[in-house]
Amino acid sequence: MAIIEVKVPQLSESVAEATLLSWHKKVGESVGRDENLIDVETDKVVLELPAPDAGVITQIIKGDGSTVVAGEIIAILDTDASAKVSPMEVSAAPVAVAAAALAPAADAKSSAGVAMPAAAKILSENNLTAAQVDGSGKDGRVTKGDALVAVAAKPAAAPVVAPLAAPAAGKPALQQVAAPTIASLGDRPEERVPMSRLRARIAERLVQSQSTNAILTTFNEVNMAPVMDLRNKYKDKFEKEHGVKLGFMSFFVKAAVAALKKYPIINASVDGNDIVYHGYFDIGIAVGSPRGLVVPILRNTDQMTIAEIEKKIGEFGAKAKDGKLTLDDLSGGTFSISNGGTFGSMLSTPIINPPQSAILGVHATKDRAVVENGQIVIRPMNYLAMSYDHRIIDGREAVLGLVAMKDALEDPARLLLDL
């Protein structure tokens, strides 16, 4: 018998612990090599834990919702064992095969009574089965929404708590994880759902930022016509040459790098009583994802071309959507850019992402009446906002840094000539 211990993968230095979301296999079931066993949620990303080898799960030590640390054993895998099959399953197999051979096509309701993982968890915690719920998903599958509706229709009951694994010797018992509960208030329902680890971490860091930094925000406006004209002139050739669309974010990144080079304090950070000046420019780009706000890092942006920046931003967007961002993608950063204009924001005061000392907020570009040479003209204007840590960045450097970004955007040739 070859026994393999399934362990929590190595987490980044800034991540102390993680949460086991949902096991995809049960005790006694066989798994293939590299097949995903369970999703592990950290405060930054959700990691897939693949099977180290083919075999059978003989023991699950840590159940759904357990808090774990890197290297902790969560299951036992036997590479020599065979999956357990009950006599009922064996006798039913020929019948199932014969039925499949006779059926010309799968019935549209072939998956009725089957619950999706999140729905199955909710139903199990509320003593319901998938067969009791009408599924609205593909082929009649029960979705999370169907499960929540079914739970809401039940008579009010005491909150159900997920079962806990016995604590290891010398370790405290794990904190209980309450299941989502719905209060029956007639036509005014309320749903109580525990925060995900990522959402809790976001909340913690935002409060930390506001309580430890002396945050001040400076504003300016930028005429985006030069960048828009440049983009319209070359966007087709750019896409044909580089295989990626020419957006606006790459210009903001390059303008930020130009300003950070002129005013290095904006690219610095506080470490105790020291100021750390970074000789590199790693720019975090705030991206919305199904799990919440994440900030993947563009590294060495001063050495990247416009095309390389656009490709990397597109890659980050796709990975965020699919939940495939890695810890390395999200670690580090010396300055951040948040583009609320994507959602229509006109103005905001962005919050600094610790341990960074400044963040640029970009907003929607709108045609506005402005005065040029004593004449009122219409220009596509964008309001820029830069929040900075006043402990190390004085108003002079902050204002001049934002002006440098404005100048680079209003005259993109400066970026080529390093002016």
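Which residues in α6 are buried?

1. This is a predicted model, in which local features need pLDDT of at least 70, side-chain atom pairs count only at pLDDT 80 or more, and totals for chains, interfaces and linings use all residues. Residues are numbered from 1 along each chain as its sequence is written, and side-chain values use heavy atoms, with hydrogens and water left out.

2. In α6, the buried residues are M249, S250, F251, F252, V253, K254, A255, A256, V257, A259 and L260. Buried means under 20% relative accessible area (1.4 Å probe, protein chains only). Because 11 of the 14 residues of α6 are buried, the helix is largely enclosed by the rest of the structure.

3. Helix α6 covers residues 249–262, and its end C-alpha atoms are 20 Å apart, which agrees with the 20 Å that its 14 residues should span at 1.5 Å a residue. The expected span is 1.5 Å times one less than the number of residues. Helices here are DSSP runs (H or I, at least four residues), numbered from the N terminus.

4. The axes of α6 and helix α9 (residues 395–410) come within 8 Å and cross at roughly 135°. Axes are lines fitted to C-alpha atoms, for helices over the stretch in contact, and angles run from 0 to 180 degrees between N-to-C directions.

5. Contact means heavy atoms within 4.5 Å. On the α6 side, F251, F252, A255, A256, A259 and K262 meet G401, A404, M405, A408 and L409 in α9.

6. I392 is found in the loop between β21 (375–389) and α9. I392 is buried, with a relative accessible area of 13%. Not counting residues up to four places away in sequence, I392 touches I265, A268, S269, V270, I275 and S357.

Note on methods
Helices (H or I, at least four residues) and strands (E, at least two) are DSSP runs, numbered from the N terminus. Buried means under 20% relative accessible area, exposed over 50%, partly exposed in between (1.4 Å probe, protein chains only).
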